[in-house]
Amino acid sequence: MTTLKTLDVVTDIKYIHILSRFLGLAPYKITKNQLSEESSIDISIKNNTMLIMWSGMLAIFMLICIITTIMHCTYVYLLDESLSDNIHLILCMPMFPIVAFVSILMNVTINKRKMAEFITKISHIDNKINSLNIYDFSPNSFRYLHDLDILILIVLVPYLEFDILIWNNDKTISLYYRSITYGHILDIVVILQYCKCVRIIRKRLTELCRLVKKMDIPNVVIPQLRYLLTEICDTNSVLSSMYGPLILLELVRIFLVLIDLNTVIRHFNRGFFKLFSLVCWKMMIIVELVYIIVNCQLTVAKLRHLNHSVHNVLCLKHLLSAEVFQQVTFLLNQISTCSLEFTAFGIIKLDYSFLCSVFASIVTYGVLLLEF
């Protein structure tokens, strides 16, 4: 039978990569060897000079935004604001350009090598899975909206620009509001990058589940499934080391914004549009947090689904030969010991329990800050 092409990492990351290059978050090119069908990243300075220069210019711009934001927040701080207002100004607002600046800096230096390793591993996994994919396959089994991330930004960017028009009553602080907005856009794209990589891993786990459910697979395929599972776990480790620090900074930014309940209350009687803008802004931050957690948890759930599929195979042991039964048992033991989890720099485990803890902390600290 002919091998069916089901997985392609270049197709999966095409649109988010184009967007990231435009925003200075991906100063590299993704290439594909037509003979071996292996995908790789060209991170050489010579071939990416213009992209690196563009990222550098945006990094300088974000550095200027950081300075502008801190100067503005310090000036307002001297006006004897309340404690919650000080937290909002000194800690919360500067985090948007700071996280954006760190993201550009890391993606230009450290992360591009880790991304090259991530793409190489995923491409190798794809070729292995595609070579095993000799069974009936429905083209609609993996109908992913590759442009979903772009659609999210198409909705958000007009809102953020509208937000600037609402709050920019004084043209002298125009750069301050634009600094927050542009920094926020870059922060959102970093989250979209991370979640896209998480979904790429989940997609490969889904294909492993489909292969395991095939009862007519030959005995030689099962060791290859075990090898692929090991490679997927290693790929997740690369992803955690690449985005761990950035996701930790994103979570700190999200938490500082959400505990600032006093800002909404202060603007309750200052016009419908300002109140609407603040409420939408808070909801957007909540969606960012939920988006991260849900993507991570769905991927972990897919590993549990794989474990369940292997258990179902073992329940039909009377249909399996002794050798196949032994190999399936080895695969089940490997899944049980596989440590596929998503963390923020190894400090915070990204699961539903963390989400509940965040919301509980927001209510607790938010109410306390209202008293000051």
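Figure 1. Helix α1 covers residues 9–22, 14 residues in all; helices here are DSSP runs of H or I with at least four residues, strands are runs of E with at least two, and both are numbered from the N terminus. From first C-alpha to last, α1 reaches 20 Å, close to the 20 Å expected at 1.5 Å a residue, where the expected span is 1.5 Å times one less than the number of residues. The helix has a kink of about 45 degrees centred on Tyr-15; the bend at a residue is the angle between axes fitted to the seven residues ending there and the seven starting there. Val-9, Asp-12, Ile-13, Ile-16, His-17, Leu-19 and Ser-20 are buried in α1. Here, buried means under 20% relative accessible area, exposed means over 50%, and partly exposed lies in between, with a 1.4 Å probe and protein chains only. After α1 comes Gly-24, with a positive phi near 80 degrees. A note for every view: this is a predicted model, in which local features need pLDDT of at least 70 and side-chain atom pairs count only at pLDDT 80 or more, while totals for chains, interfaces and linings use all residues. Residues are numbered from 1 along each chain as its sequence is written, and side-chain values use heavy atoms, leaving out hydrogens and water.

**Figure 2. The disulfide of Cys-233 and Cys-338.** How many disulfides does the structure hold? There is 1, a disulfide being a pair of cysteine sulfur atoms within 2.5 Å. The sulfur atoms of Cys-233 and Cys-338 are 2.2 Å apart, and the link is left-handed, with -75 degrees about the S-S bond. This pair joins distant parts of the chain, 105 residues apart: Cys-233 sits in helix α8 (residues 221–258), and Cys-338 in the loop between α11 (322–337) and β3 (343–344). Both cysteines, Cys-233 and Cys-338, are buried.

**Figure 3. Cys-296, a cysteine to compare with that pair.** Cys-296 counts as buried because its relative accessible area is 0%.

Figure 4. You can find Ile-285 in helix α10 (residues 272–315). Is Ile-285 buried or exposed? Its relative accessibility is 0%, so Ile-285 counts as buried. Leaving aside neighbours within four places in sequence, Ile-285 is in contact with Phe-96, His-184, Arg-253, Ile-254, Val-257 and Leu-258; contact means heavy atoms within 4.5 Å. Ile-285 and Phe-255 are 30 residues apart in sequence, with their C-alpha atoms 8.9 Å apart.

**Figure 5. Leu-239 in the largest nonpolar core.** This core has 101 residues, and those with the most contacts inside it are Met-115, Phe-118, Tyr-194, Leu-239, Tyr-243 and Leu-350. A nonpolar core is a set of buried Ala, Val, Leu, Ile, Met, Phe, Trp, Tyr and Cys residues joined through side-chain atoms within 4.5 Å. With neighbours within four places in sequence left aside, the residues in contact with Leu-239 include Phe-118, Tyr-194 and Phe-342.

**Figure 6. Phe-345 and its positive phi.** Let us end in the loop between β3 and β4 (348–349), the place of Phe-345. Most residues other than glycine have a negative phi. Phe-345 is not a glycine, yet its phi is positive, about 60 degrees. Phe-345 counts as exposed because its relative accessibility is 52%.
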